[in-house]
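Reader: Please show the structure, and let us then discuss the terms applied to it.

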Amino acid sequence: MSASLRNRLSPPVLIAIALPLLLAVAVAAIAITARVRGVGDPAPPDTRPLPVAPIDSPAADGPECNALLAALPAELPADDAPLATRPLAEPVQPGVRAWAASPRPAVLRCGLPRPAELTPTSALLEINGVRWLELDDGVPDPVVVTYIAVDRPVYVALTTPTTAGSGPLQLVSDVVRTTLPATEVAVR
């Protein structure tokens with residue numbers, strides 16, 4: 001600033017010019033510090049044994065679920081990195097497999113009863129030859145989404161965090177298609 005311009009600007013005008021500049025510098029410094037420290041980065045997936053609540057799953061011990069569980073891979077593809085198998089806590093529930101993911105694990109349950117949400121007008125997704133009923137967690141920005149295979153001899157549910165992308169569902173669809181024969185969708 002030239003001396004003649006500085007002499008013409010009053011202190012309130014100088015403050016009005018300087019404050020936004022100082023604020024911008026402070027915000028930039030906070031953002032850089034947060035990025036360097038990793039503030040806002042997602043937490044790493046929990047890999048401890050996952051306690052799984054017992055639920056009604058009448059066909060979980062059957063041959064269809066045993067074949068499906070045996071064919072599932074140790075890892076599921078996801079947007080950021082593959083999801084590794086997560087051990088289950090004792091007592092282990094039959095028909096269940098889990099993978100470590102953040103903010104919630106990916107969980108597959110096999111042998112469930114017919115979902116009450118399945119109606120003659122339910123919208124179904126077809127992924128790699130398997131028909132799925134999609135259910136979210138009922139909040140405006142869902143954290144997890146559950147897909148239930150409804151065209152197989154047993155109902156299979158896959159719950160994944162929304163941040164995992166479509167990789168887990170695509171791979172599980174392939175395994176379901178190759179291990180469980182297709183059937184008609186049973187709607188009431």
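**Salt bridges and burial**

Author: Asp46 is partly exposed, with a relative accessible area of 27%. This is a predicted model, in which local features need pLDDT of at least 70, side-chain atom pairs count only at pLDDT 80 or more, and totals for chains, interfaces and linings use all residues. Residues are numbered from 1 along each chain as its sequence is written, and side-chain values use heavy atoms, with hydrogens and water left out.

Reader: Why is Asp46 called partly exposed?

Author: Buried means under 20% relative accessible area and exposed over 50%, with partly exposed in between (1.4 Å probe, protein chains only). Asp46 has 27%, so the residue is partly exposed.

Reader: Which term applies to Arg48, and which to Arg86?

Author: Arg48, at 57%, is exposed, whereas Arg86, at 6%, is buried.

Reader: What makes Asp46 and Arg48 a salt bridge?

Author: The term requires a side-chain nitrogen of Lys or Arg within 4 Å of a carboxyl oxygen of Asp or Glu. The closest N and O atoms of Asp46 and Arg48 are 2.7 Å apart, so the pair qualifies. Asp46 also forms a salt bridge with Arg86, at 3.2 Å.

Reader: What does the pair of Asp46 and Arg86 tie together?

Author: Asp46 lies in the loop between helix H2 and H3, and Arg86 in strand E2, so the pair ties together parts that are 40 residues apart in sequence. Helices (H or I, at least four residues) and strands (E, at least two) are DSSP runs, numbered from the N terminus.
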